[in-house]
Amino acid sequence: MPNREKSMHTLSVLVEDVDGIMSRVSGMFTRRGYSMHSINSAKTEVPGFNRITVVVWADAVHIEQITKQLNKLINVIKVVRFEEESSIARGYLMVKVSTDTSNRPQVVDAAKLFRARVIDVARDSVIIEATGGEAKLKALLDVLEPFGILELIQCGQIALGRGPRTMMPPSLRPQS
């Protein structure tokens with residue numbers, strides 16, 4: 001019997017950089033009722049190709065279906081499901097925290113504890129940027145919350161597989 005227990009899955013989708021590709025990928029999820037936790041798109045090392053990282057909460061059966069459906073889309077070159085132990089995944093966060101002269105050192109120390117950077121200091125606030133896994137970013141926010149979070153923006157994960165293997169097929173790499 002297939003595993004029906006849901007968990008987070010990170011999919012990396014190599015696509016041609018064409019108009020509407022993000023719409024087609026996200027539309028596939030919408031049409032089939034799959035819920036995305038996050039989706040990011042960025043250029044790759046080869047011009048003309050993008051990499052879309054999708055994090056989805058699903059069971060093994062649905063992940064298999066999602067992968068097959070993504071592979072059917074025109075302009076999709078390759079789909080890889082990353083396992084936690086064989087990949088590196090990171091999110092990005094910027095948070096504006098309320099500070100004054102009495103608590104600013106505590107906020108800066110909290111940022112240092114999480115290997116985050118203070119990127120802006122104003123009279124009544126600081127802006128901190130951090131990268132890391134979902135648990136690390138949540139823990140940072142939990143520590144900063146008592147000071148007063150004024151603004152927050154967080155992007156979903158991006159991921160790369162460990163080791164020398166890449167997603168880009170050798171035939172698509174520029175010859176040097």
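How many helices and how many strands does the chain have? The chain has four helices and eight strands, where helices (H or I, at least four residues) and strands (E, at least two) are DSSP runs numbered from the N terminus. The model is predicted: local features need pLDDT of at least 70, side-chain atom pairs count only at pLDDT 80 or more, and totals for chains, interfaces and linings use all residues. Residues are numbered from 1 along each chain as its sequence is written, and side-chain values use heavy atoms, with hydrogens and water left out.

**The whole chain**

Followed along the sequence, the pattern reads β-α-β-β-α-β-β-α-β-β-α-β. Of the 176 residues, 38% are buried; buried means under 20% relative accessible area, exposed over 50%, and partly exposed in between (1.4 Å probe, protein chains only). Among contacts (heavy atoms within 4.5 Å) with a separation of 6 or more, 75% are between residues 24 or more positions apart.

**Helices 1 and 2**

Select residues 21–32 and 60–72, which are helix 1 and helix 2. Their axes come within 10 Å and cross at roughly 135°. That makes helix 1 oblique to helix 2. The axes are lines fitted to C-alpha atoms, for helices over the stretch in contact, and angles run from 0 to 180 degrees between N-to-C directions. Angles under 35 degrees count as roughly parallel, over 145 as roughly antiparallel, 65 to 115 as roughly perpendicular, and the rest as oblique. To see where the two helices meet, display Val25, Met28, Phe29 and Arg32 of helix 1 together with Ile66, Gln69 and Leu70 of helix 2.

Asp59 is buried, at a relative accessible area of 3%. Its side chain makes a polar contact of 3.4 Å with the side chain of Arg4. A polar contact is a pair of N or O atoms within 3.5 Å; within protein, one must be able to donate a hydrogen and the other to accept it, and residues adjacent in sequence count only if both atoms are side-chain atoms. A polar atom of the Asp59 side chain also lies 3.1 Å from the backbone nitrogen of Val61.

Then select Asn50 in strand 3 (residues 49–58). Asn50 is likewise buried, with a relative accessible area of 9%, and its side chain is joined to that of Asp17 by a polar contact of 3.4 Å. Beyond neighbours within four places in sequence, the residues in contact with Asn50 include Val13, Leu14, Ser41 and Thr44.

**Two loop residues with positive phi**

Most residues other than glycine have a negative phi. Asn75, in the loop between helix 2 and strand 4 (76–82), has a positive phi near 80°. Arg115, in the loop between helix 3 and strand 6 (117–121), has a positive phi near 55°. Are these residues buried or exposed? Asn75 counts as buried at 17% relative accessibility, whereas Arg115 is exposed at 76%.

**Helix 4**

Finish at helix 4, residues 134–144, whose buried residues are Leu137, Leu140, Leu141 and Leu144. They lie on the same side of helix 4 because they cover an arc of only 95° around the axis, taken from the directions from the helix axis to the C-beta atoms. The face turned away from this buried side carries the exposed residues Ala135 and Lys138. Among the elements covering the buried residues are helix 3 (104–113) and strand 7 (125–132).
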